[in-house]
Amino acid sequence: MSDQRIRRALIIMVFGTFFGILCSTLMNIALPTFMDVFHISEAHVQWVTNGYMLVNALMIPVSSYLIKRFSFKWLFIFFTGIFLCGTGIGGLANSFNLLVIARMIQAIGAGMMMPLVNVLAIRYALPGKKGRIMGIIGLAFNCAPILGPAVSGFMLDYLSWRYLFILIIPFAVITLLLSLWMLPYIPHNGFPQFNSFGFTVITLGLWSLLMGLSNVSNYPLLSLNVGGMAIIGLVFIIIFYLNQRRSTHPLINLSVFEHRQFFLATVINMLITATMYGNAILIPLLVQIVLGESTVISAIAVLPGAILTGLLSTTSGRFYDRYPIQWLVGAGLLIDIIGTTGQAMIGARSSVVIITVFQTVRQFGLVTMLIPLQTQALSLLPNEIVPDAVACFNTLRQIAAAFGTALIVSVVGIVNHLVHSSTSHLGIQSGFAFCLVLLLISLILSRKLYHQIKS
């Protein structure tokens with residue numbers, strides 16, 4: 001297939017995937033609004049984001065099977081249509097439960113769009129240009145989650161929360177039409193069996209574990225709602241692991257983790273992703289609830305960092321082709337740590353300018369390392385296991401986003417409970433401090449990254 005056709009396909013798919021990933025954080029600044037409109041708690045409202053990310057994560061392992069079984073073009077068209085349906089339902093939702101269901105339908109579509117883009121890029125990018133191609137994809141994968149709160153912040157000050165769904169519809173329709181017209185037909189290359197038992201078990205495991213973590217701030221640790229659900233989730237995850245190791249048609253080919261650099265880059269990416277998505281919730285809570293500012297001010301606080309991420313995403317991809325991975329990730333983590341340390345020291349009377357500066361510093365660190373990490377994880381693998389590796393990498397990325405958010409919100413809730421306040425800045429500071437711990441662990445692990453030549 002010609003470079004021009006692949007480039008055109010990637011542009012269309014990145015465009016559609018951008019809005020799918022944008023929706024993962026588009027609701028973050030609206031969380032206080034949902035709490036007020038539907039009269040729900042902080043622990044309850046986080047399912048708007050956690051439900052999306054969990055379903056998104058569960059769809060990604062299915063992608064490995066679907067990519068081997070069906071053509072790229074019709075898979076992308078079908079799941080873009082599902083994303084469009086979920087978006088339409090969200091705009092019409094008249095209850096919180098229906099809102100969460102709409103978000104989950106959105107996530108089914110977006111969860112399949114993401115790995116399709118990755119597999120197409122890694123399979124067909126020329127040697128020496130994979131970093132540049134992954135940098136283009138980074139516009140969707142790393143810029144969209146940061147841009148989401150900025151976009152919604154401005155919208156909510158002038159429009160109803162329903163427009164967070166309604167204004168996505170035209171872009172989903174454009175993606176669908178362009179896909180029908182311009183995407184090349186790339187046939188499937190196999191007829192694998194679907195491991196339905198594995199999918200059921202991992203769904204139950206992840207859902208139970210996330211439920212347990214989400215309940216930490218509302219129930220005792222040793223209660224059924226927390227400890228019990230966490231244990232049930234872990235048991236199902238262990239069953240899933242044993243099943244995948246023994247199955248002749250695993251849902252996820254766990255042998256990809258035998259490649260040390262893939263394993264290491266994936267773990268570091270998970271830790272960083274948890275802080276990135278957790279931070280996307282902490283900033284709106286800090287600005288709107290603690291400081292009492294508007295959604296527009298929340299948007300302004302994250303906007304410079306989002307713009308910086310967009311401007312530097314393609315550049316950071318090119319850096320991978322030129323500089324050692326250890327340098328890039330180490331430098332990015334140090335910058336991120338500086339910004340997070342500043343965030344952890346923010347008080348109840350801090351100015352929005354200070355918050356914006358530290359958030360922008362954080363984003364500069366993130367954009368320096370996320371694309372190189374993803375390229376390191378995927379570009380060194382044999383082509384035949386790339387779909388499985390993409391599925392594993394993106395699944396764990398989304399799991400880290402969901403579970404990281406749940407943990408960080410739980411930390412905030414626990415500290416607020418200890419100081420007998422629902423709006424204490426100490427809780428927010430504790431959330432940032434937890435992010436800082438994850439980044440320090442990542443920095444230690446990053447010392448083991450190194451460039452190697454693909455055989």
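Because the model is predicted, local features were considered only at pLDDT of at least 70 and side-chain atom pairs only at pLDDT 80 or more, whereas totals for chains, interfaces and linings use all residues. Residues are numbered from 1 along each chain as its sequence is written, and side-chain values use heavy atoms, with hydrogens and water left out.

The protein chain contains 17 helices and zero strands; helices (H or I, at least four residues) and strands (E, at least two) are DSSP runs numbered from the N terminus. Of the 455 residues in the chain, 59% are buried, where buried denotes under 20% relative accessible area, exposed over 50%, and partly exposed the range in between (1.4 Å probe, protein chains only). Contacts are defined by heavy atoms within 4.5 Å. Among contacts between residues at least 6 apart in sequence, 84% join residues at least 24 apart. The chain exposes about 17,600 Å², of which carbon and sulfur atoms supply 69%; accessible areas were computed by the Shrake-Rupley method with a 1.4 Å probe, and for residues only the protein chains shown count as cover.

The largest nonpolar core comprises 136 residues. Such a core is a set of buried Ala, Val, Leu, Ile, Met, Phe, Trp, Tyr and Cys residues joined through side-chain atoms within 4.5 Å. Phe34, Leu99, Phe262 and Ile272 have the most contacts inside this core. When residues up to four places away in sequence are not counted, Phe34 touches Met27, His39, Ile40, Val45, Val48, Leu99 and Trp161.

Helix α9 (residues 169–182) contributes the largest share of the patch, three residues. Tyr185 is located in the loop between α9 and α10 (196–214) and counts as partly exposed because its relative accessibility is 48%.

The structure holds one salt bridge, defined as a side-chain nitrogen of Lys or Arg within 4 Å of a carboxyl oxygen of Asp or Glu. The bridge is formed by Arg362 and Asp336, whose closest N and O atoms are 2.6 Å apart. The pair links distant parts of the chain, with Arg362 in helix α15 (residues 352–379) and Asp336 in helix α14 (residues 325–344), 26 residues apart. Arg362 is buried at 1% relative accessibility, and Asp336 is buried at 0%.

Further buried positions were examined within individual helices. Gln363, also in helix α15, has a relative accessible area of 2% and is therefore buried. Beyond its neighbours within four places in sequence, Gln363 contacts Ile146, Gly305 and Thr309. Ala306 lies in helix α13 (residues 295–320) and is buried at 1% relative accessible area. With the corresponding sequence neighbours left aside, Ala306 contacts Cys143, Ile146 and Leu147. The C-alpha atoms of Ala306 and Leu147 are separated by 5.0 Å, although these residues are 159 residues apart along the chain.

Ser446 belongs to helix α17 (residues 425–446) and is buried, with a relative accessible area of 2%. A polar atom of the Ser446 side chain lies 2.7 Å from the backbone oxygen of Leu443.

Conventions
A polar contact is a pair of N or O atoms within 3.5 Å; within protein, one must be able to donate a hydrogen and the other to accept it, and residues adjacent in sequence count only if both atoms are side-chain atoms.
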